[in-house]
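Morning, everyone. Please have a look at the model on the screen, and then I'll walk you through one part of it.

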Amino acid sequence: MQFYASPEQVQRDRSEYARKGIARGRSAVVLTYEGGILLVAENITTLRKISEIYDRIGFAAVGRYNEFENLRRLGVRMADLNGYSYDRRDVTGRALANAFTQTLGAIFTETQKPYEVEICIAQVGASPESDELYRITYDGSVMDEPGFMAMGGQTEAISNVLRERHDTSADLVTALALASEALGSVGGENGAKRKLDAKQLEVAVLDRRRKGRTFRRITGPSLIQLLGGDKNVAEKDLGGVDAAPPNPAEDKPTVSAAPVVEDKTTDAKAKPKPKAKVENEPPATDGDATGEGENGDNS
């Protein structure tokens, strides 16, 4: 007899497997502030947990890197295709969240191994009230979060810190300090708090004051100053996008830079090639030219 397991048991086993895999990873925090949306992840590697999807849309994930990287690339291709086919304003975080929901739901129900990922799609608006945060879990469930969210690890303890002190009117320094403190509130020895430095954090923002691409990655000295409470960091030093568009090219030249090559085709047609000289050939006569005798009449 074939082994039988009820559909409910299969779903429970898959859910437990995915939750354990996500809980083993490091956490990430996404929250709104006065200037946009802040995305912070505890990350000590060079691999990216936070990325840009489109002009005003960001992506954050926890879990298996190879799995959420496939989802990120899928989202970028979908956003680029819709923006090119219709209009850039038609690309929304809600549409991308629906696409990720369908993909993860199909993987969870149809494949033997579910994705061990939890992702956030964040879209910055004109005001903190119009910001959108969507949490998509391993089974395709989607939730609209009210201003902040935590993923991976001990999310309940991190969410409690954010819930008590989150303020949409806070500046970037205050919001970053809150996110760092929330991530450091768990994971210490015997439940002790940790103090995370710039080398342990991956930080990016969706700046609502920028036009076009709002994603900015904050690294290096700027991040160190912000974590230290310095509010005087220059705007130009806060960082930029991962792959900025190329600089405008100079005017195209009107004269070709290729070398001039003489056209020998016309000369070859105008000047027929001389007939090759054959050795021991008798001299030509008038009769030879006409094909007849010496006098032209075979005589």
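Let's start with a helix. Helix H4, residues 155–165, lies across S1 and S8 and runs at about 160° to S8. A word on terms. Helices (H or I, at least four residues) and strands (E, at least two) are DSSP runs, numbered from the N terminus. Axes are lines fitted to C-alpha atoms, for helices over the stretch in contact, and angles run from 0 to 180 degrees between N-to-C directions. Contact means heavy atoms within 4.5 Å.

Some ground rules. This is a predicted model, where local features need pLDDT of at least 70, side-chain atom pairs count only at pLDDT 80 or more, and totals for chains, interfaces and linings use all residues. Residues are numbered from 1 along each chain as its sequence is written, and side-chain values use heavy atoms, with hydrogens and water left out.

Now the sheet. Strands of a sheet pair through backbone hydrogen bonds, either parallel or antiparallel. Here, five strands make an open sheet, in the order S8-S1-S2-S9-S10, with antiparallel pairing. At the edges sit S8 (148–151) and S10, each pairing on one side only. From one strand to the next, the twist averages 15°. Two strands count as paired if DSSP finds at least two bridges between them.

Let's walk across. Strand S1, residues 28–33, pairs with S8 over four antiparallel bridges. There, Ala28 stands opposite Met151 of S8. Next, strand S2, residues 36–42, is joined to S9 by seven bridges, again antiparallel. Gly36 faces Asp207 in S9. Then four bridges join S9 to S10, residues 215–218, also antiparallel. Leu206 has Phe215 of S10 as its bridge partner.

Why is S9 largely enclosed by the rest of the structure? Because seven of the seven residues of S9, 201–207, are buried. Buried means under 20% relative accessible area, exposed over 50%, partly exposed in between (1.4 Å probe, protein chains only). In a regular strand the side chains alternate between the two faces of the sheet. Both faces of S9 are covered: Leu201, Val203, Val205 and Asp207 are buried on one side, and Glu202, Ala204 and Leu206 on the other.

Last stop: helix H5, residues 172–184. Its 13 residues reach 18 Å from first C-alpha to last, close to the 18 Å expected at 1.5 Å a residue. That expected span is 1.5 Å times one less than the number of residues. How much of H5 is covered? Mostly: 10 of its 13 residues are buried. Among them are Leu172, Val173 and Leu176. Their cover includes S1, S2, H4, S9, S10 and helix H6 (220–227).
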